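Hi there,

Here is the structure I promised to pass on. Have a look first, and my notes follow below.

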Amino acid sequence: MGSMNNIKALIVMALLLAPAALAQKVVTATDATQVTRVLAANGYKFSLDSENDGTPLIRLQIGDGYKAILFFYDDDPGQPGYESLQLYAGFSVDGKIALATVNDWNYNYRFGKVYLDDELDPVIESDLDLSGGVALEGTLLVFIQNFEAAFDSFVEEVVGE
Amino acid sequence: MKNLLRGATVLLLFLASGALAASLVHSTDAATVTRLLKKLGYRAVLENNGTGTTQVRVESKDGKAFYLYFFDDDRSRGGYEGLQLLSCADAGGEFSGEALSYWNQTHRYAKVYLDESGAVCLQSDLDLRMGVVLEPALKQFLNDFLESYGAYELELVGQ
C-alpha cells in the first residue's frame, strides 16, 4: 500500500512538472526544421531555401510584403544545429543614401544595425546568438518582432519609401 | 510494482531536470547583473547617474572598460527587459562614415556610430523578453561584445 501511495505521489509530481519542462525547453542551437515549425505555427509566410554549400536559409515575409532572409550561422560539429541566426534585408536604390542618415539610424535605434553594402545600397541586419541558452519559440518571435519594428523605421528614415 | 516505482522515479527525475535546467528569466535587475558580472570575473561598479537611471561600469580582466545600461523597466515583472553594452571614445573628427559603415558590414553582434558629441561608440543590445538562462546568456553577450571591442579598438579607435 505504501508503494502504491509513493507511485501516486510521483505521478502527481511528474504531471505538475511536465508542462514547465515542455514549455521552457532551452536550446543552444537550432535548425531549419525547428525554425520553420515555429514560423508556421505563428502564421508567418516563408519559403525554405539553401545556400550553395547546403546551409539552409529562409525567405521570410515581413511588414507589407517585404522580404527578409534568415541565415543560419555557426554550425558547431560538436552538437546538432546552428548556434546563431541573422535576419537581413536590403534595398536596391537609385539615389545615393547619405552616410549621415545611416549613422543617425544606428545611433537612434537599438535592435539591428544599418550599413551601405559594396554597391552602396542600404542593408539592415540583426544577429542572435543562441549559444547562451534560450527558449526557442519566444526568442524567435521577439527576434523577428524587433527586426520588423527596426525594419519599419529603416524603410521610412533610411530608404525613404 | 518495483518496476512501476522505478519507472515513475526515472520519469520524475527526467522532467525535474528539464524544469530546473530551464530556469528562464524575461527580465533582470541591477543588483543581480552586478553580482553575476563579478562572478564572471569582471570589475563591476553600480552607479546612479543622478537622474535615477542605474548603470554598471564594467571592466574586463584585460582592461576593456564599458558601461552596461538597463532598459524597458517592466514593473509587472520586477526588472528590466533590455540590457545594453556601450563604449564610446573621442573620435577627434577622424572617422569617416564609410569606415563606420564598412565596420558594421563586416562584424556581427555589435554596431558602431558617431554620437552627438562626435565620439565613436560601440553598442550591443540584448532583449531578455525572449526568455534566457541569465548567467550563460550574460556571459555570451559579454564575450560577443568583447570580441567586437577588440575589432573596434584595432580597426577604429586604435587608428
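How many bridges join E4(A) to strand E5 (residues 82-90) of chain A, and in which sense do the two run? There are six, and E4(A) and E5(A) run antiparallel. Two strands count as paired if DSSP finds at least two bridges between them. Helices (H or I, at least four residues) and strands (E, at least two) are DSSP runs, numbered from the N terminus.

Before the rest, a word on conventions. This is a predicted model, in which local features need pLDDT of at least 70 and side-chain atom pairs count only at pLDDT 80 or more, while totals for chains, interfaces and linings use all residues. Residues are numbered from 1 along each chain as its sequence is written, and chains are lettered from A and ligands numbered from 1 in the order in which they are written.

Overall, chain A has four helices and eight strands, in the order α-β-α-β-β-β-β-α-β-β-β-α from the N terminus.

Now the hairpins. E2(A) pairs with E3(A) in the antiparallel sense through five bridges, with A:Leu48 partnered by A:Ile58 in E3(A). Five residues separate these strands, and A:Gly54 in that hairpin takes a positive phi near 95°. None of the five residues of strand E2 (residues 46-50) of chain A is buried, so E2(A) lies largely in the open; buried here means 20 or more other C-beta atoms within 10 Å of the residue's own, with C-beta atoms placed from the backbone.

Strand E3 (residues 56-62) of chain A also pairs with strand E4 (residues 66-75) of chain A, antiparallel and over six bridges. Three residues lie between them, and A:Gly63 in the turn has a positive phi of about 55°. A:Ile69 is the bridge partner of A:Arg59, and in E5(A) A:Ile69 is partnered by A:Tyr88. The hairpin of E4(A) and E5(A) has six residues between the strands, with A:Gly81 in the turn at a positive phi of about 100°.

Lastly, the helices. The axes (lines fitted to C-alpha atoms over the stretch in contact, with angles running from 0 to 180 degrees between N-to-C directions) of helix H3 (residues 99-108) and helix H4 (residues 136-159) of chain A come within 10 Å and cross at roughly 150°. That makes H3(A) roughly antiparallel to H4(A), a term for angles over 145 degrees. A:Thr101, A:Val102 and A:Trp105 in H3(A) meet A:Phe154, A:Glu157 and A:Val158 in H4(A), contact being C-beta atoms, placed from the backbone, within 7 Å.

Best wishes

Notes. A residue is buried if 20 or more other C-beta atoms lie within 10 Å of its own, exposed if 12 or fewer, and partly exposed in between; C-beta atoms are placed from the backbone. Angles under 35 degrees count as roughly parallel, over 145 as roughly antiparallel, 65 to 115 as roughly perpendicular and the rest as oblique. Two residues are in contact if their C-beta atoms, placed from the backbone, lie within 7 Å.
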